[in-house]
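Here are my notes on this one, point by point. Have the structure open while you read.

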Amino acid sequence: MSAFTQYTDAAARCAFCVKPLPIMNGELRPWRAASGEFFCNEFCADDAEEARFQSHRRADRKANNLSACAST
């Protein structure tokens with residue numbers, strides 16, 4: 001069973017926190033990031049960008065460590 005059974009409509013959910021996107025005056029009003037993903041607000045968009053940046057830094061650091069070990 002999925003941990004997010006209550007959030008089945010992914011198209012209307014924040015890409016970071018999975019909460020429903022905001023609706024104002026009957027219109028969907030998401031925050032759209034440069035990546036094209038939709039977020040409930042600018043804070044979730046910023047947190048998602050920071051998380052993506054951190055994961056890329058860790059992957060690069062791990063790749064550098066592996067290549068250094070292979071060359072010795």
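**Notes on the chain**

1. A word on what you're looking at. This is a predicted model: local features need pLDDT of at least 70, side-chain atom pairs count only at pLDDT 80 or more, and totals for chains, interfaces and linings use all residues. Residues are numbered from 1 along each chain as its sequence is written, and side-chain values use heavy atoms, with hydrogens and water left out.

2. Now the layout. The chain holds one helix and four strands, in the order β-β-β-β-α from the N terminus. Helices (H or I, at least four residues) and strands (E, at least two) are DSSP runs, numbered from the N terminus.

3. How much of the chain is buried? Of its 72 residues, 12% are. Buried means under 20% relative accessible area, exposed over 50%, and partly exposed in between (1.4 Å probe, protein chains only).

4. Have a look at C17, in the segment before β1 (23–24). C17 counts as partly exposed because its relative accessible area is 25%. Beyond its neighbours within four places in sequence, C17 is in contact (heavy atoms within 4.5 Å) with C40 and C44. C17 and F39 are 22 residues apart in sequence, with their C-alpha atoms 8.1 Å apart.

5. Last, E42. E42 sits in helix α1 (residues 42–71) and is partly exposed, at 34% relative accessible area.
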